[in-house]
Amino acid sequence: MKTIALAAAKGGVGKTTLAAALATAATLYRPGIKVALADLDPQGSLAQCWNARALPQPTLIDLTGRPLAPTRCGVR
Ligand SMILES: Nc1ncnc2c1ncn2[C@@H]1O[C@H](COP(=O)(O)OP(=O)(O)OP(=O)(O)O)[C@@H](O)[C@H]1O
Ligand SMILES: [Mg+2]
C-alpha cells in the first residue's frame with residue numbers, strides 16, 4: 001500500500017485541493033486501483049469536497065477531529 005501525505009507549514013496552499021485531485025486522477029486513470037482519502041482536518045474540507053462528488057470513488061475515511069489511536073491504524 002502506498003500512502004501519500006500532503007503537508008505544509010502554511011495554510012491555504014492547496015493541500016486539500018491537491019489530495020482530492022490526486023485521488024480522483026488515480027481512480028479515473030488506473031482502473032482497478034483502490035484509493036482511499038483520509039480527512040484529518042478538523043475543518044473537514046476534504047469531506048465536504050467528497051460529499052459534493054457524484055461518484056462514490058475514491059473512498060473517504062472520515063477521521064475528522066479524531067486522534068490517530070493505535071486501534072485505527074489497521075483500518076483499510
Ligand atoms: N492550483 C490552484 N490554483 C488556484 N487556486 C487554487 C489552487 N489550488 C487550490 N486553490 C484554491 O486555494 C484555496 C485553498 O486551497 P485548499 O483548501 O486546497 O488549501 P489547503 O492547503 O488545504 O488549506 P488549509 O490549510 O486551510 O487546509 C481554495 O480556495 C482553492 O480553491
Ligand atoms: Mg485543507
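Reader: Where is the place of Thr27, and what makes Thr27 count as partly exposed?

Author: In this predicted model, Thr27 has its place in helix 1. The relative accessibility of Thr27 is 21%. Buried means under 20% and exposed means over 50%, with partly exposed in between; at 21%, Thr27 therefore counts as partly exposed.

Reader: How far apart are Thr27 and Pro58 in sequence and in space?

Author: Along the sequence, 31 residues separate Thr27 from Pro58, and their C-alpha atoms are 6.3 Å apart in space. Pro58 belongs to the loop between helix 2 and strand 2 (59-62).

Reader: What makes the peptide bond from Gln57 to Pro58 cis?

Author: The omega angle of the bond from Gln57 to Pro58 is near 0°, and the bond is cis.

Reader: Why is Asp39 called buried?

Author: The relative accessible area of Asp39 is 3%. The term buried applies under 20%, so Asp39 is buried at 3%. The residue has its place in strand 1 (residues 36-39). The C-alpha atoms of Asp39 and Ile61 are separated by 6.6 Å, although the two residues are 22 residues apart along the chain.

Reader: Which backbone nitrogen atoms lie 3.0 Å and 2.9 Å from a polar atom of the side chain of Asp39?

Author: The backbone nitrogen of Asp41 lies at 3.0 Å from a polar atom of the Asp39 side chain. For the backbone nitrogen of Ala47, the distance to a polar atom of that side chain is 2.9 Å. A polar contact requires a pair of N or O atoms within 3.5 Å.

Reader: What surrounds ligand 1, and how do the residues of the shell divide?

Author: Gly11, Gly12, Val13, Gly14, Lys15, Thr16, Thr17, Asp41 and Gln43 surround ligand 1. By class, the shell has one nonpolar, six polar and two charged residues. The count of polar residues rests on a convention in which Gly is among the polar residues.

Reader: Which atoms of Val13, Lys15 and Thr16 lie by an oxygen atom of ligand 1?

Author: For Val13, a backbone N or O atom is 3.1 Å from an oxygen atom of the ligand. For Lys15, an N or O atom in the side chain is 2.8 Å from a ligand oxygen atom. For Thr16, a polar side-chain atom lies 2.8 Å from an oxygen atom of ligand 1. On its own, ligand 1 has 630 Å² of accessible area, of which the protein covers 44%.

Reader: How many cavities of 30 Å³ or more does the structure hold, and which residues line the largest cavity?

Author: The structure holds one cavity of 30 Å³ or more, and the volume of the largest cavity is about 30 Å³. The lining consists of Ala20, Thr24, Leu37, Leu46, Cys49, Trp50, Arg53 and Pro58. Helix 1 (15-29) and helix 2 (45-51) are the elements that give two or more residues to this lining. Helix 2 gives the most, with three residues. By class, the lining has six nonpolar, one polar and one charged residues.

Reader: Which elements does the protein have, and in what order do they run?

Author: The protein has two helices and two strands, and the order from the N terminus is α-β-α-β. Of its 76 residues, 18% count as buried.

Terms used:
Residues numbered from 1 in each chain as written. Chains lettered and ligands numbered in written order. Predicted model: local features only at pLDDT ≥ 70, side-chain atom pairs only at ≥ 80, totals over all residues. Heavy atoms only, no water. 1 Å grid on protein atoms, 1.4 Å probe; cavity = no way out; pocket = protein on both sides within 12 Å on 5 of 7 lines; lining within 4 Å. Points joined across faces, edges and corners; volume = space filled by probe spheres on them. Helix = DSSP H or I, 4+ residues; strand = E, 2+ residues; numbered from the N terminus. Near = heavy atom within 4 Å. Polar contact = N/O pair within 3.5 Å; in protein donor to acceptor, adjacent residues only side chain to side chain. Areas by Shrake-Rupley, 256 points an atom, 1.4 Å probe, with all protein chains shown as cover. Buried < 20%, exposed > 50% of the residue type's maximum accessible area, 1.4 Å probe, protein only.
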